Every structure is written in structure tokens, then in C-alpha cells.
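Please keep the sequence and the model at hand.

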Amino acid sequence: MQIVLNCLSLTSFYLCFALGLALVFGVMRIINFAHGEFFMIGAYATYLCVATLAPQIGGPSAWLVGAIVAAGITGLLGAVLYRTVVVPLADKPLAIFIATLALSYVLQTIVVQIFGPVGLSISPPLRGVVSVGGAILPASRAMVIVAAAALSIGLWIYLMRTESGRRIRAVAQNPRGALLQGIKTRNVGNLTLIIGSGIAGICGAAMGPISQISPYMGGPALWKAFIIIIVGGIGNVWGAVAAAAIFGVLDTLMSQFGGGRFLALTSAAIMLFVLSVKPSGLFGEKE
């Protein structure tokens, strides 16, 4: 049971981080290399809120405010990115990739100058452990599971049950056809980048209390997220969910049985194997 809980915890983090990236690529066909830095900024925004508000309103409320602020800041960054980079460089995905890569270094340097290169800790909003069937899990890690589940269900309801969600799906499936149907694809792209970036911020808020935050925390998470969305099917949100579960279970079992030092190698090998036998990913569709 303990292994099951550990698998669920790791899967939740992978899912939380990869969802926004998969959504953006699925709709806009661009890779936002600054997604990891949005995740990092979300964690630092939460750190500031908890540090300043916790003495007045309590840790859990301060963390909740921090998560909302993190989503707002990173969502705004997504909107600015869309206006200043994606629109001017439309139809030039390589240029957008390079521009977002440069943006990631800019954001990282700014945070280093403000907070320094040394890692910081966010006080956990929930203390103690959760016991399930004799297995235990720190409450802060259980909170990540709840956050990932809420994000996934909320995104599913939004995409499947709302008018703007249907527009996003229409653009993801056939941008030209959606445009001919009168859908303003530019507005959809802007909204998608705001949502995807906001999810990165919330993920930073959720992960901040269970590990040290640092200006460099986005890189390793982004690398794993790329592997997940490639294996799941580039741009396929539900494929990313399945791939997050696969790697969550695999990485937990490898760590449990002494194979932790081979995690990066194994993940990269699986990605290369999937690309060689099914370039569109396990759950992707041929274009």
C-alpha cells in the first residue's frame, strides 16, 4: 500500500506539471520553454504570500492565497508571452522556441538577482501524515494529489462542458476549419496560453512546500514533462495523463528497488523507443 501511495504522489506531480504544457502544445503547436520558469515563479509567489500572510491569517489560508496569486501572475505572464512573442512570430515555431528559451534565462536571472541562488523553503500549509490502509503519506504530499486531481477534473469539465472549452478543442483538432467556422483562433490561443501558464503557477504552489524552491527548479521538471508529453502523444492532454501515470509508477518502483540512479537514462530510453516505433506517441494521432 505504501508503494501505491508513493506512485500516486509522484504521478500527481508529473501530471500537474505536464498538463499545462500539453494543453499549450496541443492547441497552438508551440513549445513554451519558459513553462518551467513559470512553475518556479509560481513557487516564489507562494513563498512570498506564505511568509507575509501566514502570521495574520494562518498557514493554510496564506498558501491558498499564494496559489491564487501564483496562478494570476503566471497567467498574466502567459498573456504577455502571447502578445509579445507568439503573435509576432506566428508560423515560426522554431523562432518561438528560441524566444521562450531566452525568456526562461531572463526570468531565471531576475529571480536569482532578487532572491539569490540559494534554495528557500515554504512552510507546509498542512502538517502531520495521512494514513491509508496502514501506509502513511505526509499531508503536504496528499495535498499535491488532491490539487492534481482537481486540476485534471476541472480542465476536463472546462474543455468538454463549456463553450470556450469547445472552441479550444476545435482549434486543437483543426485550426483552419475552426477559423472557417468563425472561431477567433487568436483569442483561443491567448486563452490557452493563459490557462496553461496558470496551471504551471498552481503546480509551483503545490510543489513548493514539499521541496526546496530555487531559481533552477524549473529545468529538471520541464525535462521530465517533455518526456511525458512526447511518450503520451505530443499535444494530447489525456495521453499526458496516461504517460504521467506510467512514469509515476515506473520511477517509484525503480527508486524503491535501488534503480534510482538510472531514472533519467530509463526515461530517455523509453522516449527514444516510443519515437522510433510510434513517432506520434502512445496515444497521439498521425498528422
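Of the contacts in the protein chain with a separation of 6 or more, 75% join residues 24 or more positions apart, where contact means heavy atoms within 4.5 Å. This is a predicted model, in which local features need pLDDT of at least 70, side-chain atom pairs count only at pLDDT 80 or more, and totals for chains, interfaces and linings use all residues. Residues are numbered from 1 along each chain as its sequence is written, and side-chain values use heavy atoms, with hydrogens and water left out.

The protein chain has 11 helices and 2 strands; these are DSSP runs numbered from the N terminus, helices being H or I with at least four residues and strands E with at least two. Their order along the sequence is α-α-α-α-β-β-α-α-α-α-α-α-α. The radius of gyration, taken over C-alpha atoms, is 19 Å, close to the 19 Å from the globule rule for 287 residues, so the protein chain is as compact as a globular protein of that length. That rule is 2.2 Å times the number of residues to the power 0.38. The C-alpha trace spans about 55 × 45 × 35 Å along its principal axes. Buried residues (under 20% relative accessible area, 1.4 Å probe, protein chains only) make up 48% of the 287.

The axes of α1 (residues 2–28) and α2 (residues 35–57) come within 10 Å and cross at roughly 125°. Phe13, Phe17, Gly20 and Leu21 of α1 make the contact with His35, Gly36 and Phe39 of α2.

Methods. Axes fitted to C-alpha atoms, helices over the stretch in contact; angles between N-to-C directions. Buried < 20%, exposed > 50% of the residue type's maximum accessible area, 1.4 Å probe, protein only.
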